[in-house]
Amino acid sequence: VLVPNIFLVFFSRGKLGRYPPWPGKIVNPPKDLKKPRGKKCFFVKFFGTEDHAWIKVEQLKPYHPHKEEMIKINKGKRFQQAVDAVEEFLRKTKGKDQASSHNSTEEKNRRNSSEERGKQSAGEEKRKASFSEGKVKKSTGEGKKRVSSVSSERGSKSPLKRAQDQSPRKRGRPPKDEKDLTIPESSTVKRVMTGTVAGFKWPPSVSEPVKDSDPHFHHFLLSQTEKPAVCYQAITKKLKVCEEETGSTSIQAADSTAVNGSITPTDKKIGFLGLGLMGSGIVSNLLKMGHTVTVWNRTAEKCDLFIQEGARLGRTPAEVVSTCDITFACVSDPKAAKDLVLGPSGVLQGIRPGKCYVDMSTVDADTVTELAQVIVSRGGRFLEAPVSGNQQLSNDGMLVILAAGDRGLYEDCSSCFQAMGKTSFFLGEVGNAAKMMLIVNMVQGSFMATIAEGLTLAQVTGQSQQTLLDILNQGQLASIFLDQKCQNILQGNFKPDFYLKYIQKDLRLAIALGDSVNHPTPMAAAANEVYKRAKALDQSDNDMSAVYRAYIH
């Protein structure tokens, strides 16, 4: 028996490993969301994510017959989490059905018992009435006639009543105890297909600018397309564009990793310079989502894996920029960012009018402003777009992107930002994103130092570190970051997810930012000193959680 409304969604483009089927449940669409025209499709919520999409009927396959095969093919952690979510949903549904069935059985038994008692009572009353009438009238003939009449009423019904009982059921309405669980007959599917939803205006294609006239414009960037090559497209990434009083704009998108291939990639040629912890995950997601990418890295062997995945190899930064429309870069610090642009065979040598450069490195505002000036002086377009996150979030395509500079270029990067992140913010003029990124990392770095300090204090006072973590996870500070970093410390696993040396660099730059405007940053300064001690203990290339070791040595 198939479970109603639970399916595997198969995508019609790409290898199975790159665009894996994903479990989903048919649900009712939002009231303001109009169903796209064309083939019959259903609105699906994907398990393990917050993604929703209009999915064509032919892309839906029953969940259970294909489940084991898909688990063998897809070993990803997120896919397993999605399968677990399905199983949990099924357990809850089964429990509800059993409870409902039990209640229904009890109610039916109560009704039958009540009817039986009613019948017995009615029969007794009739017998008494008949006996009473017989005594009063003492008429044998009339008594026989009345008995015959009563018998006739019990054994038959009026012609009208018989006609009503024998009339067929209303067309298309199955009896209560019958359930057709195939796709077309599902009651939920019927509601989805027949429900009237209006008032939603479909947006322009990816190549067109994002509208900014309405501060609450809901931009479904991944609408259906007529191109055969990308017929698998679905609106799994709902974008919300918000205009604030400051002029900043945010594009917020749900997690897209569950439905690889759901993004309409730009037709522009993309270049990427720097394949470190963050850059590697970014490039991987750009390729998965169908972008044409040319890569370069200072150590060329890091490019090999991406070449195998379909990327092209650039011999120098200048060559990448000259052959691509938009070139992204993600390097370690201000010096590396400047060398990449201004050095031999650097970015600047490949810039000519119309070429676009997006620097995703976390650097100070002065550095990014200098780079913007030299790029624009050659006729190029510049955008800063540092990212908040770590290696895992980069791999999952869940980074937060802070952008500033050329607004048109920001819009041209829309499909790329969707591939690599869950949310992007446009913050205005060049330098704003650098400042905001340093503030974000200052808060994160200071918090990490405080976590380490708390765990060591618990240890030296005879308290359980695990119990401390359990308590924190039940309180207002509970977060994935807190849990992961505490687990790193408790397990002694400091494999880098965010290098300690880079968070110390960001703290140093944030303190300098505060100095430039005469604003005190004593908490960041104290945390910075702890990270410096950790670096002196040779923890630079470990994860930032290794700051814990500065407290125990």
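## Helices H9 and H11

In this predicted model, Pro-334, Ala-337, Lys-338, Val-341 and Leu-342 of H9 are in contact with Thr-367, Glu-370, Leu-371, Val-374 and Ile-375 of H11; contact means heavy atoms within 4.5 Å. By class, this contact has 7 nonpolar, 1 polar and 2 charged residues. Ala, Val, Leu, Ile, Met, Phe, Trp, Tyr, Cys and Pro count as nonpolar, Asp, Glu, Lys and Arg as charged, and the others, Gly among them, as polar.

H9 covers residues 334–342 and H11 residues 365–377; their axes are 10 Å apart, at an angle of about 10 degrees. Axes are lines fitted to C-alpha atoms, for helices over the stretch in contact, and angles run from 0 to 180 degrees between N-to-C directions. H9 and H11 are therefore roughly parallel. Angles under 35 degrees count as roughly parallel, over 145 as roughly antiparallel, 65 to 115 as roughly perpendicular and the rest as oblique.

## Basis of the model

The model is predicted: local features need pLDDT of at least 70, side-chain atom pairs count only at pLDDT 80 or more, and totals for chains, interfaces and linings use all residues. Residues are numbered from 1 along each chain as its sequence is written, and side-chain values use heavy atoms, with hydrogens and water left out.

## Helices H15 and H17

The axes of H15 (residues 432–460) and H17 (residues 480–491) come within 11 Å and cross at roughly 50 degrees, and the two helices are therefore oblique to each other. On the H15 side the contact includes Phe-447, Met-448 and Ile-451; on the H17 side it includes Phe-481, Lys-485 and Ile-489. This contact has 9 nonpolar, 1 polar and 1 charged residues.

## Nonpolar cores

The largest nonpolar core has 35 residues, and Phe-272, Phe-328 and Met-360 have the most contacts inside it. Such a core is a set of buried Ala, Val, Leu, Ile, Met, Phe, Trp, Tyr and Cys residues joined through side-chain atoms within 4.5 Å; buried means under 20% relative accessible area, exposed over 50%, partly exposed in between (1.4 Å probe, protein chains only). Among the elements that each supply at least two residues are strand E9 (270–273), strand E12 (326–329) and helix H14 (414–420). Helix H6 gives the largest share, 5 residues.

Leaving aside neighbours within four places in sequence, the contacts of Met-360 include Phe-272, Phe-328 and Met-420. Apart from this core lies another, of 30 residues, among them Ile-489, Phe-494, Ala-510 and Tyr-531.

## Whole chain

The chain has 20 helices and 17 strands. Helices (H or I, at least four residues) and strands (E, at least two) are DSSP runs, numbered from the N terminus. Of the 553 residues, 43% are buried.
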